[in-house]
Each structure stands twice: as C-alpha cells, then as structure tokens.
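The structure under discussion is shown below.

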Amino acid sequence: MAGFQTEVLDLEGWDHFYSGKVRDLYVPAGASFEETDRVLVVASDRISAYDFVLASEIPDKGKVLTQLSLWWFEQLGGFANHVISTDVPAAVAGRAMVCKKLGMYPIECIARGYLTGSGLAEYKVSQTVCELPLPEGLVDGSRLEPALFTPSAKAEVGEHDENISFAQTVDRVGTEVAEALREKTVALYEQAEKIARARGIILADTKVEFGADPATGEITLGDEVLTPDSSRFWDAETYQPGQAQASFDKQFVRDWLTSAASGWDKNSGEEPPLLPAEIIEKTRARYIEAYERLTGQAFNA
C-alpha cells in the first residue's frame, strides 16, 4: 500500500501497515488489514505543509495532536468516534490510540466559519468559495454565517487534495451519505466553535474525516479532530477582520516557508528547506498553547 516512507517501530503485539503524512497505522500482530476490526493509530512529530512532509520535526507534536483529539472526542459526545482504547505500547504512550477500523469516505470534510486562506483568494477572484456564492464586501477574517461545507477529494500522499463541489461529493459517496457528511461537519463545527470561543479561541475552519462503522454502518468520526494540524485557531483577543490573524496552528510554518527568509518557492516542485531551530520551537509553543488554552490543562510531555 502506498504511503510515506518512515521509520517503522517495533511494537509488541502490532505490525506496521501504513504511514501517512503524520500518522502511522499498525494492525494486530499476525493479522491482515482486511481481517482485523481495529488499528493502532500513532501520531508522529512530522509536520506537513503545501503537500510536502517536511524534513524537520516538531518535538511533542504527536502527543499534542493525540491528547487534544481525545479531549475533543469527549466534548463532542453526540458524534460517534473511532476510539476504542488508549492502552497502547509504552514506546508510543501519549501519542497513540487503538481505534475501530472504519470504511473511510474519500472526502475531506471542511467547515469554514471565517473567510481566509485559499477561500479568500478564490473570493477575491469570483466572490465565491468552492463555487458557493458569497455577499460583496467581505475581507480577510470575515465571519461566514452559516458556516460553509467545502469538501475536497482526499489525495494520495504527495498529491494535492482537490476542492470539489457538493455535486461531485454526491458522485463519490451518494446523495444520502453526502448530505449526512455535510450536516455532521457543519454541526460539529458549530458546537466546537462555541466551546473554543468560550476559551478565548476562534475556530476559523476545520477539516474532519468520517467513515462507516463496518459493524453498524454508522457514520463515525475518525482520524484526528480539531487539532492545530487540521484546524485554524485564532486568538479572540487580537482578532480583527481585514488583516491576517494571530494563529495557534501550522500556518506559522506555512508563513515562514513562503517568506523571503526561507528562499523557497512553493510552486517549484522542490522539497522545502529545513526549519530553523527558532521556527521549530515557536511552532511547538503554539501547539502547546492551543492545547492548554482549549483544555484548561497543563501539557505534560
């Protein structure tokens, strides 16, 4: 199975199966992926940007993503999720979960509650976001009410995810599932946005993934949820429409990569440069601050 080439850990009771950009999947020792009903999902310290896995890692990132996802799964009790247990091998304690093996839908489910990033770039050209018409006069950081469902087609590692219309989503998964994915994505965003706002964080947008529980057919939340890798978090205190916002996510890394300081052209096809130590440490600090402000708990590496 294609995937990112990375170090394979020797984990008692588990065999490596697949590595994505930032996560590694293991199956019970001696079992095939087809016959098992569970997988061990291990979050690494790798970081990706512009569809590249960077050579630099962010220390403790895997633990932050896992612990924050677990916290959010608890907050979002109305959404079935894939977590079975956190009883994992000691070598990956704190950054791994035993999860149901879902039949994942080939859709990145994105909810946008604020106009920014690629959505803003499209809006400036056509006054739309993913072909959805928007009113005149919006600026960077404008709130979108109601939040938009803007799906993309999930690509293989190294390939670009492709923004798709709702009709194209229907073509891929059928009308019933497409409508359910839209409803669940927006409802999840709206619930999480209120929780984050109460903690001084604006959830600008987020990406979630769903799959079908093979035992029940229930549409179930998988992968990670509402982390600095999958979401755009802004500081509510400094939020001001019409400008770039202070963020607690990997936008900080993207900004450095596209700055003159990096000397890298994201359209060159060349691998991104190594991150300076200062950028690595500041990125780590942002991830940890997001975790601590959202959960109200100190992060213990």
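## Basis of the description

Helices are DSSP runs of H or I with at least four residues, numbered from the N terminus. Lining residues are those with an atom within 4 Å of a cavity point. The model is predicted.

The volume of the largest cavity is about 30 Å³.

Its lining consists of Arg23, Val41, Ala43, Leu65, Thr66, Ser69, Arg95, Met97 and Glu224. At least two lining residues are supplied by each of strand 3 (38–43) and helix 1 (61–75). Helix 1 provides the largest share of this lining, with 3 residues. Sorted by class, the lining of the largest cavity comprises 4 nonpolar, 3 charged and 2 polar residues.

## Packing of helix 3 against helix 4

Helix 3 (residues 166–173) packs with helix 4 (residues 175–197) at an angle of about 125°, and the two axes lie 7 Å apart.

On the side of helix 3, the contact is made by Phe166, Thr169, Val170 and Val173. Helix 4 contributes Thr175, Val177, Ala178, Glu179, Leu181 and Arg182. In the contact of helix 3 with helix 4, 6 residues are nonpolar, 2 are polar and 2 are charged.

Key:
Residues are numbered from 1 along each chain as its sequence is written. This is a predicted model: local features need pLDDT of at least 70, side-chain atom pairs count only at pLDDT 80 or more; totals for chains, interfaces and linings use all residues. Side-chain values use heavy atoms; hydrogens and water are left out. On a 1 Å grid over the protein atoms alone, a cavity is a set of points where a 1.4 Å probe fits but cannot get out, and a pocket is an open set with protein on both sides within 12 Å along at least five of seven lines; lining residues have an atom within 4 Å of a point. Grid points are joined across faces, edges and corners, and a volume is the space filled by probe spheres set on the points. Ala, Val, Leu, Ile, Met, Phe, Trp, Tyr, Cys and Pro count as nonpolar, Asp, Glu, Lys and Arg as charged, and the others, Gly among them, as polar. Axes are lines fitted to C-alpha atoms, for helices over the stretch in contact, and angles run from 0 to 180 degrees between N-to-C directions. Contact means heavy atoms within 4.5 Å.
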